[in-house]
Structures are given as structure tokens and as C-alpha cells.
Amino acid sequence: MKLMNMGLFLHVAGFVVCCGMMLHCAADSKVHYHEFHLTESNFTRLCSTKTMLTVNESFPGPVIRVRKGDTIYVNIHNQGSYGVTIHWHGVKNPRNPWGDGPEYITQCPIPPGTNFTQEVIFTTEEGTLWWHAHSDWTRATVHGAIVVLPALGTTYPFPQPDAEEIIVLASWYKHDVMELMTETLSRGGTANLSDAFTINGQPGDLYPCSKETTYRLMVDYGKTYLLRIVNAAQNQDFFFMIAEHNVTVVGGDASYFKPLTTPYIMITPGETMDVLVTADQPLGEYYIVATPYFDGGADDYDHSTATAIFEYRGNYTHPSTPSFPYHIPAYNDTVVASLFTNQIRSLASPEHPVDVPLDVTTRMYLVVTMNMLPCPNDSCAGPDGYRIAAGLNNKTFENPKVDILQAYYWNLSGFYEPNFPDQPLHYFNFTSDDLLSNNVTVSDPGTRVKVLNYNETVEIVFQGTDVMNSAENHPIHLHGYKFYVVGRGQGIFNNVTDPKNYNLYDPPELNTIPIPKDGWATIRFKASNPGVWFMHCHFDRHMSWGMDTAFIVKSGGTAETSMKGPPAYMPPCDLESFLGSKDSMLLREDR
Ligand SMILES: *[C@@H]1O[C@H](CO)[C@@H](O)[C@H](O)[C@H]1NC(C)=O
Ligand SMILES: *[C@@H]1O[C@H](CO)[C@@H](O)[C@H](O)[C@H]1NC(C)=O
Ligand SMILES: *[C@@H]1O[C@H](CO)[C@@H](O)[C@H](O)[C@H]1NC(C)=O
Ligand SMILES: *[C@@H]1O[C@H](CO)[C@@H](O)[C@H](O)[C@H]1NC(C)=O
Ligand SMILES: *[C@@H]1O[C@H](CO)[C@@H](O)[C@H](O)[C@H]1NC(C)=O
Ligand SMILES: *[C@@H]1O[C@H](CO)[C@@H](O)[C@H](O)[C@H]1NC(C)=O
Ligand SMILES: *[C@@H]1O[C@H](CO)[C@@H](O)[C@H](O)[C@H]1NC(C)=O
Ligand SMILES: *[C@@H]1O[C@H](CO)[C@@H](O)[C@H](O)[C@H]1NC(C)=O
Ligand SMILES: *[C@@H]1O[C@H](CO)[C@@H](O)[C@H](O)[C@H]1NC(C)=O
Ligand SMILES: *[C@@H]1O[C@H](CO)[C@@H](O)[C@H](O)[C@H]1NC(C)=O
Ligand SMILES: *[C@@H]1O[C@H](CO)[C@@H](O)[C@H](O)[C@H]1NC(C)=O
Ligand SMILES: *[C@@H]1O[C@H](CO)[C@@H](O)[C@H](O)[C@H]1NC(C)=O
Ligand SMILES: [Cu+2]
């Protein structure tokens, strides 16, 4: 109980600080406690049963509901058979990287048979977020939505919908996902594709043995519904649409947008989108469709389509088949996908203002590449017997043995290097289609982080490339922050002309952004959240291949600008690594 009391105290202290600094200050933010039981149990899809890890035996997992400004404590009991961590995707968790969760970045995995309590602090987020496993590829089955309602006494910046519904899009593998990952990473080749996609856990009518369980969203004529859509798929962007109904996008990543009415959305892994849909068509059944958007060169994606049914209540003759959308964008329609993404704007209203950093103090230009690394006797399954890898500025990220946060906090050397480069060492024609020689394909593995001083204003230009002929869009996700997307374009970024077109007026504020295929995107944020924060491609396979780095944001010198101390218990790291560092063992004993 000591932990809880302590946590509560810190929360109250943090709350006072937060109120001092913010205009909107909900006097009645609450603390909630949750229990997550991670267990293996059987699930049957596509006529095939498998045992898989879930939270509370549910797929997707339980929904967490809070109001803006609340804090939750989640006691995670790992009753599975391997180590796991849980991440609170899109929650800034100010000063509290200890509650963020990515394995070997902010903690080591929770060993089977033990539990760990994470403190998760909501502040400015409002809308839809999600939680998911952040270890191995376990998030395939361990994920769920987070609903952040407006603080009491405030409302949505759009008419109150009649009802709300959560829509979680995910990947389904008939095989065990842990086996899939181990096999993929040990062979060094491409990853097997998923066998299906799911909408709220169900693949839908287009797959075998799925018709009886297809997810049905029951609606009443004339009512308006808020759909909170989460893309929890492992490696797949989707076009999402409802036959004969437009949707109005009003938010995403727990920020509000200017309303955007469209027949379809494009949603990338990691993103959430809040859309309104009015049941204003003739009584009937209409397919809800999540179909792949894939702009890569090789035919390397699961071609299947998940469906659910938007079903009107009432007295009418039900059709033998629901209506299917007349027009679905082609799977590779980059123009249509970019058009959608580029139209998204922040509200930029007095109630929901933007605060884009204007004076940039740290500029980074990050070249996003697929790569390869040599294998003994060219024995791997990638090109030329190499192992497939990925990188940022030619650096392939490798997980350390002790998480970066504890290594930083306890001053342990040898687990990471603070020298992640701000620019690539070599400039070349990044979008050229002949980037196949070893001097551009072979990367440099290691655990490198970028250190930022408190309050630095950071601009990152992500440059997509065609190295290894594997140009495709990459959904880059940053932990601990939301960032403004001030620009996005095709080709190689021009640092003289492109900044002239930046949107500093109403750019969207997000936590995940698709970097266009053979194009670039620019984000800005202020480094006002001290801690250790991961940044990575949200395609799981690219994350495992090393398309990652982490930021260490230093403290600002005062208590309110410093990260909190660790909770009384953290999951243990590999003991041998610690034994090499007796000081840290002592520190841990002393606490
Ligand atoms: C998970 O299951 C446990 C045990 O049945 C229950 O106490 C807990 O409330 C559940 N958690 C959630 C978030 O639903
Ligand atoms: C799960 O399914 C396997 C076979 O696929 C079976 O052996 C096992 O008994 C099942 N477990 C439970 C708890 O039903
Ligand atoms: C583990 O769970 C028990 C029982 O729910 C709880 O009392 C304890 O505080 C938890 N320990 C940690 C480290 O979260
Ligand atoms: C991956 O695909 C290969 C070829 O189809 C198959 O032999 C292997 O069993 C698959 N592995 C997993 C884990 O699904
Ligand atoms: C959907 O919006 C398009 C314009 O984007 C419009 O042409 C079409 O009529 C609308 N469809 C419905 C069903 O409202
Ligand atoms: C449904 O409509 C049919 C035909 O219009 C009518 O015969 C029937 O009584 C209606 N049923 C109900 C429950 O209203
Ligand atoms: C999309 O794919 C089709 C068929 O595979 C191909 O003909 C077309 O050129 C592709 N379009 C783009 C923009 O790559
Ligand atoms: C870079 O490569 C692209 C695609 O091959 C080509 O169109 C462009 O002319 C090249 N640019 C330069 C400066 O060589
Ligand atoms: C890689 O090697 C090729 C051929 O030797 C050369 O043309 C190219 O400039 C080199 N690229 C880099 C980035 O060093
Ligand atoms: C990437 O790093 C590797 C290993 O240090 C080096 O051989 C290669 O030339 C580098 N490539 C680029 C484009 O900097
Ligand atoms: C602009 O890009 C060029 C390479 O294309 C580079 O040499 C130069 O340093 C960059 N300027 C700034 C201000 O980043
Ligand atoms: C950080 O920036 C804010 C303004 O955004 C300012 O009020 C604060 O004093 C700065 N803190 C430090 C430690 O620089
Ligand atoms: Cu990627």
C-alpha cells in the first residue's frame, strides 16, 4: 500500500503544478485503479483454434474510460509464459516515463508469475487512445482502446452524438505470434503475412467460418454515432469506409480536428480517428470495410479485407447480402491516401488553440531506410544471404539488456550511447531506384539515443527513401509527446523551398504520422517532458528490424521540470547485466 499512497501523493503534487500552468484545470480529475490479467486462452477464427495471450481473456482487450486529466494505476498480472510490457499509446505521462512501458526503453519485461503497477497520467489528451503490449510482437493479441472524455463541465467541440462505438482494427494470425517473430528474426528474412484482419475481433463475412460472428453495429435511423477507430494492426494501413455513408472526421490521436467529411479514411498502425456517421440512408444493412492500403513495391501484404455490418434497426426486409461500398480506392492509391492525410487540420480555436514552436533550437533530418546486415556465411534469408534490418540515419537500433531509462537514471554505463546523429553522414539520391550497393544498404547497428535539453524546440524532417527498392510509407510514432505535423511532401526535402510552405497556423497535433512513400514529413515539438521516450516505426516488423531511436530529455533543473523517481518496484532486468554493475545493485537494495 505504500506504493499507492506514495503515488497518490505525487499525483496531487503534480496536479497542483499542472493547474498552475494550464488554463483548463478540471478541479475534479479522478484516480482510477484497474487490474489486467494476462493469460493464455483459446480463440477460434477462420475454422482454426489457437492459444494466445490476452488481457482478461478478451480480444480486443478491455476498454479503459477516463476523463481528461485523470490518473490511472494499472496492476498488470502476467500469468502468461513469457515476459511482457504494456504501453499507454499517446498518453504523455508527464515526468513519468516509468509508466510508459516499451521493453528495454523504460522497463524490462514483467516476468511470468509477477505483477507490476503502472501509473498513467492523463493531461491534455482528449478523444481516443489505446494501450498495447510493447514487447516482442505481443501487441497482436494484447491491446484495447482508451476513451478520454472531456473534463466534467466541458463538451465535445461538435454536437453531442447520440451514441458512441469503439472500432478496433487488428491482424489475425493462425499461428502463434511469438513463434512467428522468433522464426522471422532468426531466419533474417521477410515476415509471414497475417491470415486475416479483424474489426472488433471478428474478420467478417469475406473469410471462411466467420459469417455468424461478424461484428454488427446496430443503429437507429436519424441518429449520429461517434466511432472511435483504432488501427491496432501489426503492419497494415487501411482504407476504412461504410457503404453509402460518408463519415466526418473530428479528431485523432486524442486531439480535435476541423471536421472533414469524406467517403473513406486512411488509418495507419498506431493512429486513432474519431469520426461521426449519421444513419440517414434507407433502412438496411451496409458493410463497414477495412481494406489494405499498401504502397510498397513487392507484393508483400495480406490482400484480404475485414468487414462488419452497419445495420439499421426497424421493420424491413433484410437483404441477403449487405450493400458493399461502390468505390474502394485501389490498394496502392497513394494519391488518394495522401490527399486524405494532408487535409487534416487542427481546430485552432480559442478552446483548442495550437502552440506550434516557432524558434527551432534542435533540427534533425532523419533518413528512414530499409537495410541489411551481414550474416555468418551469408546464411540468412534476406537478400544475398544477409539479414533484413532497418534504420534511421543508417543506425539500426538494438535493444539494450537493461532499459535505457534505468541505465540513465542510475548512471549505468555500457547500455547505450548518447550519439544518435542529427543528420545522415552521407547524402545521396534517397529516392533513386538503384540504391542496392552495400554502401547504402548495410547499416550500423547499436543502441544510440539523442539527448535533448529541457524545453528545446525540436524540428524533425523524416525523409523516406527507396533503399533496397523498398520505398513505402512508414508510420512513425513518438512516445511522451504530441507533435505538430507542419509539412508533408513528395520527393527529397528541399531545406530552402519546402519550409516556406509549412503550416504553422492549424497543423494537426498527433503522436503518429505516416511518412509518405518516397517523400518527407516535418514535425515540431517542445521538449518539455523530461524522461526517456521511444520513437519508432509502428509497423512491428520494422520496429524489430531497428527503425527506432530514443530521446533522453533532461530535467529542467527544478522539481516540477524533473522526472519523477521510479516506483518502489520495477520488473527486474537480466541479472547478469546488473552483476557487472554493483553500484546499481546497491542502489536497488537501498531503496
Ligand atoms: C480483469 O479481470 C479481473 C478479474 O476478473 C477484474 O477484477 C478486472 O476488473 C478486469 N479488468 C478490466 C479492466 O476489465
Ligand atoms: C486449447 O486448445 C488446445 C488445442 O488447440 C487444447 O489442447 C486445450 O485443451 C485447449 N485449452 C482450453 C483451456 O480449452
Ligand atoms: C501486485 O499485486 C498485489 C495484489 O493485487 C498488490 O498488492 C501489489 O501491490 C502488486 N505489486 C506491484 C509491484 O504492482
Ligand atoms: C511461415 O510460412 C512458411 C511458409 O509458408 C511456413 O512453413 C511456416 O510454418 C510459417 N511460420 C509461421 C510461424 O507461421
Ligand atoms: C459523400 O460526400 C461526397 C462528397 O465528398 C458527396 O458527393 C456524396 O453525395 C456524399 N454521399 C452521401 C451518402 O452523403
Ligand atoms: C412489419 O411490416 C409488415 C409489412 O409492412 C407488417 O405486416 C408487420 O406487421 C410489421 N411488423 C411490426 C412488428 O411492426
Ligand atoms: C497499382 O497497382 C496496379 C495493379 O497492380 C498497377 O497497374 C498500378 O500501376 C499501380 N499504381 C501505382 C500508383 O503504383
Ligand atoms: C534521383 O532519383 C530519381 C528517381 O530515380 C530521379 O528521378 C532523379 O532525377 C534523381 N535525382 C538526382 C539529383 O539525380
Ligand atoms: C556507393 O557506391 C557507388 C558505386 O561505387 C557510388 O556511386 C556511390 O556514390 C556510393 N554511395 C555512397 C553513399 O557512398
Ligand atoms: C552505414 O554504416 C555502415 C557501417 O558503418 C557503412 O558501411 C555504410 O557506408 C553506411 N552507409 C551510409 C549511407 O552512411
Ligand atoms: C540543406 O541541405 C543541404 C544538402 O542538401 C545541406 O548541405 C545543408 O547543410 C542544409 N542546410 C541546412 C540549414 O540544414
Ligand atoms: C520552458 O518554456 C516555458 C514556455 O513554453 C517557460 O514558461 C518555462 O520557463 C521554460 N522552462 C525552462 C526551465 O526553461
Ligand atoms: Cu516502417
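How far apart do the end C-alpha atoms of residues 166–315 lie, and what share of the span is helix and strand? The end C-alpha atoms are 26 Å apart, and the span is 7% helix and 47% strand. This is a predicted model, in which local features need pLDDT of at least 70 and side-chain atom pairs count only at pLDDT 80 or more, while totals for chains, interfaces and linings use all residues. Residues are numbered from 1 along each chain as its sequence is written, and chains are lettered from A and ligands numbered from 1 in the order in which they are written.

View 1. For "domain: Plastocyanin-like", an unreviewed UniProt entry lists residues 39–150, 166–315 and 423–555 (positions are in the numbering used here, feature names are shortened, and annotations may be inferred rather than shown by experiment). Residues 423–555 are 8% helix and 41% strand, with end C-alpha atoms 25 Å apart. Helices (H or I, at least four residues) and strands (E, at least two) are DSSP runs, numbered from the N terminus. The protein chain is divided into domain 1 (29–149), domain 2 (163–342) and domain 3 (362–554), where the bounds come from an automatic or database domain assignment.

**View 2. The contact between domain 2 and domain 3.** The centres of domain 2 and domain 3, taken over C-alpha atoms, are separated by 28 Å. Contact joins 24 residues of domain 2 to 28 residues of domain 3 (two residues are in contact if their C-beta atoms, placed from the backbone, lie within 7 Å). On the domain 2 side, α2 (177–187), β15 (255–262) and α3 (334–342) each supply at least two residues; α3 gives the most, with four. By class, this side has four nonpolar, 15 polar and five charged residues. Ala, Val, Leu, Ile, Met, Phe, Trp, Tyr, Cys and Pro count as nonpolar, Asp, Glu, Lys and Arg as charged, and the others, Gly among them, as polar.

**View 3. The largest nonpolar core.** A nonpolar core is a set of buried Ala, Val, Leu, Ile, Met, Phe, Trp, Tyr and Cys residues joined through C-beta atoms within 7 Å. A residue is buried if 20 or more other C-beta atoms lie within 10 Å of its own, exposed if 12 or fewer, and partly exposed in between, with C-beta atoms placed from the backbone. Of the 85 residues in the largest core, Leu-169, Ile-229, Phe-240, Ile-265 and Val-275 touch the most other members. Strand β18 (residues 285–293) gives the most to this core, with six residues. Domain 1 and domain 2 both give residues to this core, so it lies between them.

**View 4. Two residues with positive phi.** Cys-47, in the loop between β1 (31–45) and β2, has phi near 65°. With 10 C-beta neighbours inside 10 Å, Cys-47 counts as exposed. Asp-518, in the loop between β29 (512–515) and β30 (519–526), has phi near 50°. With 21 C-beta neighbours inside 10 Å, Asp-518 counts as buried.

View 5. Ligand 8 is surrounded by Asn-429, Thr-431, Ser-432 and Asp-433 (a residue is near a molecule or strand if its C-beta atom, placed from the backbone, lies within 6 Å of it). The shell around ligand 8 has no nonpolar, three polar and one charged residue. Around ligand 12 are Tyr-454, Asn-455, Ser-528, Gly-556 and Thr-561; by class, one is nonpolar, four are polar and none is charged.
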